[in-house]
Amino acid sequence: MKKFAIIIVCFVLSLSMRVAGQQLAIDEAKKAISGLTMTVDSYNKAFNKLKPALTNDMTKDRAETWALASRIKVEQYDKYMDNRRVGKKIDVQAMGHTLIDAYDYSMQALKLDTVFTLDKKGQQVIDKKTKRPKYKIKFSKEVVDRLLQHHESYRMVGSELYNIKDWDGAYKAWDDYCEMAARTGDLRWLKPDSMVAEVRYYQGITAWQRADTLDAVRLFNIARRTGYDHKEVYDYTLVCLNDMGDEIGVVRVAREAFRRFGTTDPQYVRILINDFVSREDYSGANDLLDKAIAANPDDDELQNLKGLVIENQQSIYEAFPYYQRCIELNDNNAQGLFNVGRYFYNKAMETRQNSTLYGKRLADLVNPIYREALPYLERSYVINPYNDDVRNALRDIYYKLGEADKLQALEKSR
């Protein structure tokens with residue numbers, strides 16, 4: 001029995017010694033940051049003294065441990081800023097991540113510091129006035145106060161990390177900034193922040209830089225919903241949705257952008273018109289095109305689109321003037337050049353089919369029309385050699401005209 005008691009006593013003593021050891025680490029870290037001449041390096045040393053307590057079973061679940069970690073990192077960030085103000089060179093990335101770490105440590109401290117009041121049955125006690133569970137805190141106020149004093153610093157740090165292409169760091173700093181502004185409850189953090197929507201936009205840019213297009217779209221959507229509805233938000237959203245192959249999303253955002261900006265940017269109009277055409281709603285496409293062309297009469301793409309709509313409604317002959325106008329405005333518009341060339345190519349084919357002539361007399365009739373098509377189709381192919389429709393039309397014309405050298409060069413061009 002005595003032996004058993006001795007074992008229990010030894011265990012208790014061992015446990016007490018381990019607890020005391022970890023508390024000593026906390027106390028030493030506190031003492032280390034109480035000096036009057038602290039440097040960035042001395043804050044690192046203080047944190048290293050505390051570090052074992054962050055993972056030790058005896059201290060990792062204590063709010064005091066994480067509150068101290070937060071304090072060390074915030075004060076270290078302030079020292080970086082002091083050094084910058086007096087002209088010293090600083091490690092921008094290390095400074096930024098110091099503040100980011102401070103936020104994470106603060107959140108852990110706040111979570112552990114909230115102790116709910118329980119009744120005799122183990123149920124949470126509800127405050128009669130606030131109708132919320134009662135709880136006690138010890139370190140939360142000082143933790144929150146430190147972060148409140150540095151809220152704007154998170155936005156600045158995000159920008160600095162973005163400028164050095166630390167996309168992950170910039171993303172996290174801006175996320176912390178927005179999360180702080182969104183916190184509510186008894187520990188009211190901030191008044192509504194008008195900058196949050198804009199910061200969400202920049203956070204979306206970093207997500208895009210990290211090739212996380214889905215998250216980028218989410219953040220751009222938040223930015224627009226919360227008030228930052230500048231044109232670049234719509235444009236970046238469209239880029240991401242297009243990269244994802246989300247055609248429905250592209251049309252939805254283009255429609256939203258068109259309502260916001262009207263015909264000032266023809267790209268939104270083009271997307272909507274293509275959607276009308278794909279649904280064979282030519283009346284809707286024509287109405288929108290007429291508005292867009294009236295506002296942008298020199299936009300070659302709109303002229304080409306108008307031609308395509310007219311061709312679907314009527315024929316290529318009625319559409320031809322719009323295709324011509326398209327390449328008059330831009331002689332490098334590959335699709336417009338193809339459509340003009342296609343007009344002559346179709347005309348030659350129809351002439352051939354409807355003629356009663358044959359042999360040389362038929363060739364003399366249709367070959368000049370084929371030759372009219374050639375310069376447009378050849379130029380379109382040079383600009384976009386991946387258009388198989390252009391390639392097939394050229395192959396047929398070279399064959400019918402007997403231009404073996406050009407046909408051979410075409411076959412070897414890929």
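Reply: Rings of Phe, Tyr and Trp (its six-membered ring) form a pair if their centres lie within 6.5 Å; planes under 30 degrees apart are stacked, over 60 edge-to-face, and the rest tilted. This is a predicted model, where local features need pLDDT of at least 70 and side-chain atom pairs pLDDT 80 or more, while totals for chains, interfaces and linings use all residues. Residues are numbered from 1 along each chain, and side-chain values use heavy atoms, without hydrogens or water.

Let's start with the cluster. Ring pairs join Tyr162, Trp167, Trp174, Tyr201, Tyr202, Trp208, Phe220, Tyr228 and Tyr236. Across the whole structure, a search turns up 20 aromatic pairs. One of them is formed by tryptophan 174 and tyrosine 202, a tilted pair with 6.0 Å from centre to centre and 35 degrees between the planes. Tryptophan 174 belongs to helix α7 and tyrosine 202 to helix α8 (residues 196-209), so this pair ties together parts 28 residues apart in sequence. Helices here are DSSP runs (H or I, at least four residues), numbered from the N terminus.

Helix α4 (residues 92-113) packs against helix α7 (residues 167-182) at an angle of about 45 degrees, and their axes are 10 Å apart. The two helices are therefore oblique to each other, the class left over when angles under 35 degrees are roughly parallel, over 145 roughly antiparallel and 65 to 115 roughly perpendicular. The crossing of α4 past α7 is left-handed, meaning that the near helix is turned anticlockwise from the far one by less than a right angle.

Which residues meet there? From α4 come His97, Ile100, Tyr103 and Asp104, and from α7 come Gly169, Lys172, Ala173, Asp176, Glu179 and Met180. By class, that contact has four nonpolar, two polar and four charged residues. Contact here means heavy atoms within 4.5 Å.

Conventions. Axes are lines fitted to C-alpha atoms, for helices over the stretch in contact, and angles run from 0 to 180 degrees between N-to-C directions. Ala, Val, Leu, Ile, Met, Phe, Trp, Tyr, Cys and Pro count as nonpolar, Asp, Glu, Lys and Arg as charged, and the others, Gly among them, as polar.
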